Amino acid sequence: MTPNDLVLTPKGVRFAGRLFPCSIGKGGITSDKREGDGATPRGTHKIVGMLYRPDRMKRPNAMALPIGPRDLWSDDVKDRHYNHLVRAPYTHSHEKLRRADPLYDLILVTDWNWPNAISRKGSAIFIHQWRRPGYPTEGCIAFRRDHLHELTSQITEKTRLIIR
């Protein structure tokens, strides 16, 4: 582990010498992630991308790319683009990245089941803003808005997310 790693602990995520409260998946932590189980996958995951809403904030980091109105994330286990960014119009099951609420205003994309996705092993494992303290996610790690912004300002391409 390095000081630049995000390490999930029972009390939050440790990063750069600080502890940040967070939410995890409603299904807890699992070593056998499945699509729709609501669990956060155990392992060491790379941060492979950062997406943000340019209509709601300034670019938070040099690696951040804007989320456009047509940007979606495929969660259809039968889709050849499963667990990848896709664009509307899109006929397969997907998640909208440009949401009305602020949860996806800033997203860190992990390499869980990416880029060579295995069907049914889980999709869209992101780091994003929480709904409220203690409210679980569908498998992601979520933070308070100001904490998420603080983390993303220091994230690099070498940052890892470690979930034990």
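Trainee: At 5% relative accessibility, does alanine 124 count as buried or exposed, and why?

Mentor: The general idea is a pair of cut-offs: buried means under 20% relative accessible area, exposed means over 50%, and partly exposed lies in between, with a 1.4 Å probe and protein chains only. Alanine 124 has 5% relative accessibility and therefore counts as buried. This is a predicted model, in which local features need pLDDT of at least 70 and side-chain atom pairs count only at pLDDT 80 or more, while totals for chains, interfaces and linings use all residues. Residues are numbered from 1 along each chain as its sequence is written, and side-chain values use heavy atoms, with hydrogens and water left out.

Trainee: Where is alanine 124 found, and what is its phi?

Mentor: Alanine 124 sits in the loop between E12 and E13, where helices (H or I, at least four residues) and strands (E, at least two) are DSSP runs numbered from the N terminus. Its phi is near 55°, which is a positive value in a residue other than glycine. Arginine 120 is placed in the loop between E12 and E13 as well, and it too has a positive phi, near 75°; with 44% relative accessibility, however, arginine 120 counts as partly exposed. Another cis peptide bond, with omega about 0°, joins alanine 88 to proline 89, and proline 89 lies in the loop between strand E10 (85-87) and E11.

Trainee: How many aromatic pairs does the structure hold?

Mentor: Rings of Phe, Tyr and Trp (its six-membered ring) pair if their centres lie within 6.5 Å, and planes under 30 degrees apart count as stacked, over 60 as edge-to-face and the rest as tilted. There are two such pairs here. In one of them, tryptophan 73 and phenylalanine 126 have ring centres 5.1 Å apart and planes at 85°, so this pair is edge-to-face. Because tryptophan 73 lies in strand E9 (residues 71-74) and phenylalanine 126 in strand E13 (residues 126-129), the pair ties together parts that are 53 residues apart in sequence. The rings of tyrosine 104 and phenylalanine 126, with centres 5.6 Å apart and planes at 80°, are likewise edge-to-face. Tyrosine 104 belongs to the loop between strand E11 (94-96) and E12, so its pairing with phenylalanine 126 in strand E13 ties together parts 22 residues apart in sequence.

Trainee: Which residues form one aromatic cluster, and what lies over the face of tyrosine 104?

Mentor: The cluster consists of Trp73, Tyr104 and Phe126. Tryptophan 73 and phenylalanine 126 are both buried, and tyrosine 104, at 4% relative accessibility, counts as buried too. A charge sits over a ring if NZ of Lys or CZ of Arg is within 6 Å of the ring centre and within 35 degrees of the ring normal; here arginine 99 lies over the face of tyrosine 104, at 4.9 Å from the ring centre.

Trainee: What does the largest nonpolar core contain?

Mentor: In soluble globular proteins, nonpolar side chains tend to be buried together. A nonpolar core is a set of buried Ala, Val, Leu, Ile, Met, Phe, Trp, Tyr and Cys residues joined through side-chain atoms within 4.5 Å. The largest one here has 21 residues, and Leu6, Ile127, Ile141 and Phe143 have the most contacts inside it. E7 gives three residues, the largest share. A second, separate core has eleven residues, among them Leu51, Ile67, Leu103 and Ile107.

Trainee: Which residues does asparagine 61 touch?

Mentor: Contact means heavy atoms within 4.5 Å. Leaving out residues up to four places away in sequence, asparagine 61 touches Met50, Thr152, Ser153 and Ile155. A polar contact is a pair of N or O atoms within 3.5 Å; within protein, one must be able to donate a hydrogen and the other to accept it, and residues adjacent in sequence count only if both atoms are side-chain atoms. The side chain of asparagine 61 reaches the backbone oxygen of threonine 152 at 2.7 Å, and a polar atom of that side chain lies 3.0 Å from the backbone oxygen of isoleucine 155. Asparagine 61 is found in the loop between strand E7 (43-52) and strand E8 (64-66), and at 13% relative accessibility it counts as buried.
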